Amino acid sequence: MELLLVSHKGAASGIKTAAALIAGDEADSIHVIELTAEDGIDVFTKQLDAYLSGWLKDGRKGLILADLKGGTPYNRAEMLLSEHHFKEQAKVISGLNLPMVLEALFQDIEEWSQEALEEMIAAGRDGIDCLELAQMQGGEEDE
């Protein structure tokens, strides 16, 4: 399975760099396409379209992680998957974060299942925490 990170400038490339520090060569399977102010939406869309067409045309499967639900990278990925009839071959998950990327790298999904997608999303959610809030919640429960 291939992994594509789409985001506004810097987010996806930064996460790929961090993933490489943790996962080593496994991170080589990550491809990044970012929307920049310099290139704009049209260039981003052309780059994404070209990549998706080459990537998924042979029936390969992939996962697209986007930084922001409803943002241009997310919307364009969903739009292009629909236009090219690739929705069975690739899924888009928003809320891109490092735990989610690591889960995707180490899970090595070959077939889409509801359970696999839920685990991916749970890894992203579980990576969000605040020690002080957890301590306050724990303290209130102990009383």
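Which residue is the bridge partner of Leu65 in S4? I looked it up and found Ile93. Strands (E, at least two residues) and helices (H or I, at least four) are DSSP runs, numbered from the N terminus.

I noted the sources. This is a predicted model, in which local features need pLDDT of at least 70, side-chain atom pairs count only at pLDDT 80 or more, and totals for chains, interfaces and linings use all residues. Residues are numbered from 1 along each chain as its sequence is written, and side-chain values use heavy atoms, without hydrogens and water.

I checked S3 (residues 62-66) for burial, where buried means under 20% relative accessible area with a 1.4 Å probe, protein chains only. Five of its five residues are buried, so S3 is largely enclosed by the rest of the structure. Gly62, Ile64 and Ala66 point one way, and Leu63 and Leu65 the other.

I then traced the neighbours of S3; two strands pair if DSSP finds at least two bridges between them. S1 (residues 2-8) runs parallel to S3, joined by five bridges, and Leu4 stands opposite Ile64. S4 (residues 90-94) also pairs with S3 in the parallel sense over five bridges, with Val92 opposite Ile64.

Definitions and conventions
Buried < 20%, exposed > 50% of the residue type's maximum accessible area, 1.4 Å probe, protein only.
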